[in-house]
Amino acid sequence: MFELNDDWDLEPKSRVCLLEDYAGSEVRWCPGCGDHAVLSAVQRLARDKQLAPEKTVVVSGIGCSSRFPHYMSTYGFHGLHGRALPVACGIRSRRPDLDIFVVTGDGDCCAIGTAHWIHAIRYNMDLTILLLDNNIYGLTKNQTSPTTPFGWRSQTHPRGSFFASLNPIAVTLGIQNASFVAQTIDWCPPHLYATIRAAHEHKGASFVRIFQRCPHFTEDVFAQAREDPGRVLLMTHAQGIPLDAAVLKMFPNRAGHDPSNLAEARELACREDVCTIGLFYRNPGGSRYDEVTAQGLGKTPGEKLAAIEMALDGFMV
Ligand code: SF4
């Protein structure tokens, strides 16, 4: 249930938002699609944190998961393919007061949006970035994406993908100024929720890759990890994702990992024998570009004009 700001706060609340207050239009993802689980987790987080719908915005690109803003009763921007992150950075640069979620997919983020992904991580603006990775282009009906496993057959590669798949966590950990990098699975709602919540609470660009089931086109791709919890490696640490005992019990295969240890995070990210979940890396001290872009907000039109004229004077010869 939603949280009181203070344990003994008995003041009647002027407004309480329930789960249904965050539900947007009718959801049209396929039955069994992992996107449903992510939507539920985000709506639950919004309810628990009592995020004001008019102060929350969900930005997406193009793809199945990018229909997300339609299903939230908040502000939303369903943008161009691969362009969710620059739109979100633009919003953040002018609106430090908003809660901003970015929902992107493996095709959207890791192919056409790659340059924006790299620089958004480096800019480290305060955004909660959710990469819903189903290892395929689903909306355009089964084409190889950058994260499709080697040898996987699709419409574009009927004899199997020729390439080693791209590892979004390893890439993100290689970007200077990355400040929060985590991985979770859609089929464990408590871990999914706890990870998104920790990402939302982090100040900076929080990047969460979510292994997302697509029963339509990549039904078997996560089957081993789904059916055998021993194939999942759960990273645990006091500074990691907070989990209760019941969740810990679900995953017998665990590794203590200090999320301030970048070298170890990179090693863990590259393991291919297990599906590693938890917090790889967190650096709360990274510089944030939104702290720079927020300077000057609130100036009067006259002050802005004077500032522009002063800047233009710098080009006088
Ligand atoms: Fe989900 Fe796959 Fe259906 Fe798209 S095609 S809605 S990713 S199950």
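A residue is counted as buried when its relative accessible area is under 20%. By this criterion, in the predicted model described here, 6 of the 6 residues of strand β5 are buried, so β5 is largely enclosed by the rest of the structure. The side chains of β5 are divided between two directions: F180, A182 and T184 point one way, whereas V181, Q183 and I185 point the other way, and all are buried.

Strand β5 belongs to an open sheet of 9 strands, arranged in the order β2-β1-β3-β4-β6-β5-β9-β7-β8 with mixed pairing. The edges of this sheet are formed by β2 (75–78) and β8 (254–256), each of which pairs on one side only. On average, neighbouring strands of the sheet are turned by 20° against each other, direction ignored. Strands of a sheet pair through backbone hydrogen bonds, either parallel or antiparallel. Strand β6 pairs with β5 in the parallel sense over 6 bridges, and β4 and β6 are likewise parallel, pairing over 7 bridges. Residue S206 in β6 is the bridge partner of F180, and T128 also stands opposite S206.

Helix α1 lies across β3, β4 and β6 and runs at about 160° to β4. Helix α9, comprising residues 262–269, lies across β7, β8 and β9, with an angle of about 160° to β9.

The largest nonpolar core contains 44 residues, and V38, F68, L130 and I196 have the most contacts inside it. At least two residues of this core are supplied by each of α1 (35–48), β3 (99–105), β4 (127–133), β5 (180–185), α6 (189–201), β6 (205–211), β7 (232–236) and β9 (275–282). When residues up to four places away in sequence are not counted, F68 touches W29, V38, L39, V42, V58 and V103. Another core, of 35 residues, lies apart from the largest one and includes V102, M125, A205 and L233.

A further packing arrangement involves two helices. Helix α2 (residues 84–94) packs with helix α4 (residues 114–123) at an angle of about 30°, and their axes are 8 Å apart. Because angles under 35 degrees count as roughly parallel, α2 is therefore roughly parallel to α4. The crossing of α2 and α4 is left-handed. At the contact between these helices, L85, P86 and C89 in α2 meet H116, W117, A120 and Y123 in α4.

Terms used: Residues numbered from 1 in each chain as written. Predicted model: local features only at pLDDT ≥ 70, side-chain atom pairs only at ≥ 80, totals over all residues. Heavy atoms only, no water. Core = buried A, V, L, I, M, F, W, Y, C linked by side-chain atoms within 4.5 Å. Buried < 20%, exposed > 50% of the residue type's maximum accessible area, 1.4 Å probe, protein only. Helix = DSSP H or I, 4+ residues; strand = E, 2+ residues; numbered from the N terminus. Contact = heavy atoms within 4.5 Å. Pairing = 2+ DSSP bridges. Axes fitted to C-alpha atoms, helices over the stretch in contact; angles between N-to-C directions. Parallel < 35°, antiparallel > 145°, perpendicular 65-115°, else oblique. Left-handed = near helix turned anticlockwise from the far one by under 90°.
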